[in-house]
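Subject: Structure handover

Dear colleague,

Please find below the structure that I am handing over to you. My notes on what was found in it follow directly after.

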Amino acid sequence: MGILEAVLLTIATAATPLLIAAMGELVTERSGVLNLGVEGMMIMGAVTGFAVASSTGSAWLGMAAAIIAGMAFSLLFGFLTLTLVTNQVATGLALTLLGLGFSGMLGEGFVGRPGVKLGNIDIPVLSDLPVVGKLVFGQDPIFYISILLTAGVAWFLFYSRAGLTLRSVGDSHRSAHALGIKVIRIRYLAVMFGGACSGLAGAHLSLVYVPQWVEGMTAGRGWIALALVVFASWRPWRVLAGAYLFGAVSIGQLHAQALGFGIPSQLLSSLPYLATIVVLVLISRNRRLTVMNTPASLGQPFVPDR
Amino acid sequence: MNTTSEQRKNLLNVRGLTKVFGTLVACDHVDLAIGHGEIHALLGENGAGKSTLVKMLFGSLEPADGTIEWNGDIVSISTPAEARHLGIGMVFQHFSLFEALTAAENIALSLDTQTPITTIAEKAREVSQAYGLPLDPYSLVGDLSVGERQRIEIIRCLLQEPQLIILDEPTSVLTPQEADKLFETLERLRDEGKSILYISHRLEEVKRMCDNATVLRHGKVVGHCDPRRETASSLANMMVGSEVGKVVRPASPMSDAAEPVLEIRALSRPPDGPFSVPLRDIWMTVHGGEVLGIAGVAGNGQGELFEAISGEVTQRAAGEVRIRGTDAGLLGISKRRLLGAAFVPEERLGHGAAPELRLTENLLLARHRTDQASYVAAGGVIRRDALTKATKRIVDIMDVRKSAEDPEASALSGGNLQKFIIGRELDRSPRVMVVNQPTWGVDAGAAARIRQALIDLARSGSAVLVISQDLDELFEVCDAISVMHNGHLSQPMPIAEATFEKIGLLMGGAEGAEVSHAAGAS
């Protein structure tokens, strides 16, 4: 395995959890709900995934449990913001704080325990191709899911009837309600999809990235996923571009630090954030497209009048 | 016996329909009967319960009591989908369209089938051609004019092949010419045997087109009549329940010697966003003693012009806006107010008044700079007594009806809040008054009072600028009318020369020369 191949592989591993969490949040936000609890749902997925995997010995069971945990946590958010109509921003922040604390408590007994790694799936012959072989055809299952997820969400949003309904709810919940579209039900589904994705992204951290449990191991990735969605103007393929760019620069700056270029390490550490913001701002320069893609009712509470 | 057989033949029979919101009875045992191939008018002032009634017919609201009989069968309509399934279609007053989607996508959302979008676009194109309603199915709604948006709603409704079409105040956003086209379409639909429930408070068009009318007042039916046998004023009296006061406009003392009080010179402004209109080289002069009106279909730059004049958006050059001879283009709202100007924006709650604050507090917010001496004592302490007194004065003069001594702004009805906001500005005796949509959604009695107050202010020597989409209103209060179209402002037309037809042509985008020519030829 060459150096380049190894670097590319680490980039994909760094980008995958961001991509999955951001894709879930994209769908949630397209329905008009702003869930700032991504970080909390992710870490709940990470701890649950690790706990189940290490207790049962099956990483696959761990992954399923992580998805369910993320979804359950998002359901709590949905119940508060959609049924009880609490403030979405405050509730999302609370969800993150709750997730960080609760996961620490749940995971106390698992700190330092050996983890179970989700094995790579090697596609025969293709994975032996030079440079891209391992990168594209010899990855962990969650990597494949993340790419399929992006394509699936892009197709769903812009080519399916259900996706059209989802976008309409995000654009104007009043109009959607007047047409008889079940706004609250669609938002619940979108929120749960976002939760499932966040849980899966968490599982990637504790089952693939570093197969162990460390308190607070999401380390702000949920927030980066949230930012990616906005900077990518709520468009799936741009989210993918942003996630990989972020992954690339964060890995690149580590190598640069190791080589010792004489640039302050603090500046290098901040590079991924700077680069992602600059590039995504540049590609969303077209204000018209941005406004067209921004869910107009994002974050607004909706109470149907009956 | 005769009536029962007649009722059996009706498409729709509504009996005793009731809806209660908290303590307010929005609809109180309403009866309504619509026959096949009939255009039925539903008349009433704002808040009379018209919208509530049709929302119950369309399944968006649940009635508390009463029955709906459709083609002789008692039905319960609990969702809009069920209403559509029965054959009831609706064109909403505040359009239920999605700006970020295309026309075809908007139409697809209201069809229950899984028809592919291309088929829908094709069908929409066919219907639009058949009924003379030109529309490109792939255009984005956000880019369309209000008239075009309404076409989408109508085509969307027609694609469902309804037997009853409900139109909620359809002409309030159209030019007279666009409205004429709409009437042709409606008459054609009637000839095809479809029934139409037509909601409006414009009596002339009801008289012209409708076969029957039901009049609502305070949620109750106060009468059924044949509008063609009534006069506009007899219908108005039925709606209001008393005689509507007439607005008096004394001859304008305008002379060339009158000083220009408000001047706009070569005002241009780039668009603010994809759905905003640029202002293109606007020139305007309003003299003391004069009311100038600005007509135009919604979304042609009136809002942007108001923001520019009020100082919510400042100009690039100081000379683009002059108030009482001072270059004010770079000044903010408070500084412009200090020059003697007053502004009443279109949106009452959240723009004209802070909804959660009391009337006295709203008064202070608007006037703490211009009347600092009266309302703020040394050290920035608020003088509550002065505020209470001033609020009471305004409430008395404008006849604001309120439920509490000093209620929150949002507790007032739209009309009463508007009277308060206008009164708040008039109380300063401003030398320049700029009002956007002074009586939108205000009932006839309150509207007459507001209009009279604006005329009286002008006649006392101030300059008044009225931006409105209501032509009747402009003809009632203005000495001259200019038209905004696509960010351009036309030359003012003296009221003596202006006709609905001429103004309507300008609203549709015709040039000044064409209009005088067309009017000369006719």
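Among the contacts in chain B between residues at least 6 apart in sequence, 66% join residues at least 24 apart; two residues are in contact if their C-beta atoms, placed from the backbone, lie within 7 Å. This is a predicted model, in which local features need a pLDDT of at least 70 and side-chain atom pairs count only at pLDDT 80 or more, while totals for chains, interfaces and linings use all residues. Residues are numbered from 1 along each chain as its sequence is written, and chains are lettered from A and ligands numbered from 1 in the order in which they are written.

Regarding confidence, the predictor gives the complex an ipTM of 0.82 and a pTM of 0.74. Chain B averages a pLDDT of 85, and 92% of its residues score at least 70; pLDDT is the predictor's confidence in each residue, from 0 to 100. Within chain B, confidence is highest in strand β20 (residues 463-467), at 95, and lowest in helix α19 (residues 512-521), at a mean of 54. Where pLDDT is low, the predicted coordinates should not be read in detail.

Chain B contains 19 helices and 23 strands, where helices (H or I, at least four residues) and strands (E, at least two) are DSSP runs numbered from the N terminus. The radius of gyration of chain B is 24 Å, close to the 24 Å that the globule rule gives for 522 residues, so the chain is as compact as a globular protein of that length. That radius is taken over C-alpha atoms, and the globule rule is 2.2 Å times the number of residues to the power 0.38. Along the principal axes, the C-alpha atoms of chain B fill a box of roughly 75 × 50 × 45 Å.

Of the 522 residues of chain B, 47% count as buried (20 or more other C-beta atoms within 10 Å of a residue's own; exposed means 12 or fewer, and partly exposed in between, with C-beta atoms placed from the backbone). B:Val464, in strand β20, is buried, with 30 other C-beta atoms within 10 Å. Not counting residues up to four places away in sequence, B:Val464 touches B:Val291, B:Met433, B:Leu454, B:Leu457 and B:Ala458.

Yours sincerely
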